[in-house]
Amino acid sequence: MGGEVNVRSAIHLASAALLLAALSFGAAQSAVAADTPDPVADAKAFQKYFTEKFPKVKLQDFVNGPYSMNEDMHRQWEEKEQFPPYDFSLDLGKEMFSKPFKNGKSYADCFPNQGIGIRQNYPYFDEKEGKVVTLELALNRCREANGEAPFSYLKDEMAALTAYMAFTSRGKPLDIKIPNDPRALEAYQNGKRYFYTRRGQLNFSCASCHVQSPGERIRAEVLAPALGILNAMPIYRSEWGGMGTISRRFTTCNSQIRGVPLEPQSDEYRDLEYYLSYVSNGLPISGPGARP
Amino acid sequence: MSAIRKITGMNSALVLAAALLIAGAPSALAASSEADFKTAYAAAEAANKEAASLRNQWTTTAAALAAAKKAADAGDFDQAVASSKEAEALAKASIYQATSEKEAWKALEIR
């Protein structure tokens with residue numbers, strides 16, 4: 001009798017142990033699934049978040065940043081676009097782009113389709129290098145390969161060149177590809193992590209402003225939505241009193257939250273640009289842009 | 001009566017605490033030496049270096065370190081030590097932030 005009870009309780013114990021093991025295995029499996037990057041699902045969720053948060057704003061219109069969030073500002077922007085403040089930079093960029101280097105070659109020799117109408121394909125993952133290559137980086141590499149000194153990544157000449165290249169791509173949908181290469185997926189995931197990681201003494205992430213609070217004011221500024229935020233780059237900012245590149249945007253965002261910015265075109269910023277561009281795929285290039 | 005006694009008891013405790021504070025004050029007010037500054041500054045710099053390895057330095061840490069150096073150059077070692085300690089606390093906070101964000105960032109993600 002006593003032996004029977006013992007056997008029964010042993011069976012109960014064993015089945016309970018099995019059940020527990022099965023449960024914990026299942027949990028581990030789903031945790032793995034949640035941590036495996038799924039860029040397609042991410043981009044879909046990202047775009048859905050913004051279109052649901054701002055049901056009146058058309059998907060294509062998010063590229064106009066704060067101007068898409070507010071009717072009065074939208075009117076201001078339409079007026080501004082008649083004499084856009086980035087025009088000087090655009091003209092300079094066009095001139096620089098067509099002027100040959102000392103060795104007789106030019107920017108056109110460094111890019112597919114002579115550099116015209118290709119902005120929507122940047123940044124891309126370079127499988128040879130195993131890293132993300134941005135347009136700003138490619139421009140400076142082109143200069144250096146032709147014996148010219150690189151430009152500052154933040155403004156002036158770099159902004160002028162990227163302004164011209166963006167202009168030749170206006171209206172073309174952003175088309176960032178993630179090749180079937182684990183390093184590309186890792187770069188994407190690193191960019192995503194950077195975007196959501198809180199930093200600086202103010203303990204803000206990129207998402208604190210550009211996901212949680214777009215359309216809200218931060219002092220006198222209206223925060224831009226993260227969706228389509230890079231499509232308008234480079235931008236003339238009245239606050240800067242001049243043009244700024246994507247590098248300038250990233251570094252100043254960091255210092256504004258009291259974080260020491262990383263060096264422009266560091267791996268983190270390149271990956272961030274990769275992530276942020278990928279989730280805005282399909283939205284048109286609208287750069288160069290103007291912002292308050 | 002007992003209430004009064006309690007209050008008196010509390011007062012004497014306060015007086016005692018105040019006396020102790022005053023007694024302790026001179027040692028707190030004792031001037032810091034250059035050696036104190038160097039120790040405090042080295043500790044702050046080490047913490048800030050660790051924050052740099054985590055790619056998460058704060059501008060305020062750099063500002064406090066600069067203030068410490070400036071005060072030390074002017075011979076004000078009390079201020080130099082205070083600023084160094086502030087820099088160390090800020091650097092340690094930035095390390096804590098970077099460490100906790102290794103997992104915490106996922107909570108903000110749009111899914």
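Reader: What makes the reach of H4(B) close to the expected one?

Author: In this predicted model, H4(B) has 28 residues and reaches 39 Å from its first C-alpha to its last, close to the 40 Å expected at 1.5 Å a residue, where the expected span is 1.5 Å times one less than the number of residues. Residues are numbered from 1 along each chain as its sequence is written, and chains are lettered from A in the order in which they are written. Local features need pLDDT of at least 70, side-chain atom pairs count only at pLDDT 80 or more, and totals for chains, interfaces and linings use all residues.

Reader: Why is H2(B) called roughly parallel to H4(B)?

Author: Helix H2 (residues 34-53) and helix H4 (residues 77-104) of chain B pack at an angle of about 20 degrees, with their axes 8 Å apart. Angles under 35 degrees count as roughly parallel, over 145 as roughly antiparallel, 65 to 115 as roughly perpendicular and the rest as oblique, so H2(B) is roughly parallel to H4(B).

Reader: Which residues of H4(B) are called buried, and what do they pack against?

Author: A residue is buried if 20 or more other C-beta atoms lie within 10 Å of its own, exposed if 12 or fewer, and partly exposed in between, with C-beta atoms placed from the backbone. Among the buried residues of H4(B) are B:Phe77, B:Val81, B:Leu90 and B:Glu101, and the buried residues of this helix pack against H2 and helix H3 (59-73) of chain B.

Key. Axes are lines fitted to C-alpha atoms, for helices over the stretch in contact, and angles run from 0 to 180 degrees between N-to-C directions. Helices (H or I, at least four residues) and strands (E, at least two) are DSSP runs, numbered from the N terminus. Two residues are in contact if their C-beta atoms, placed from the backbone, lie within 7 Å.
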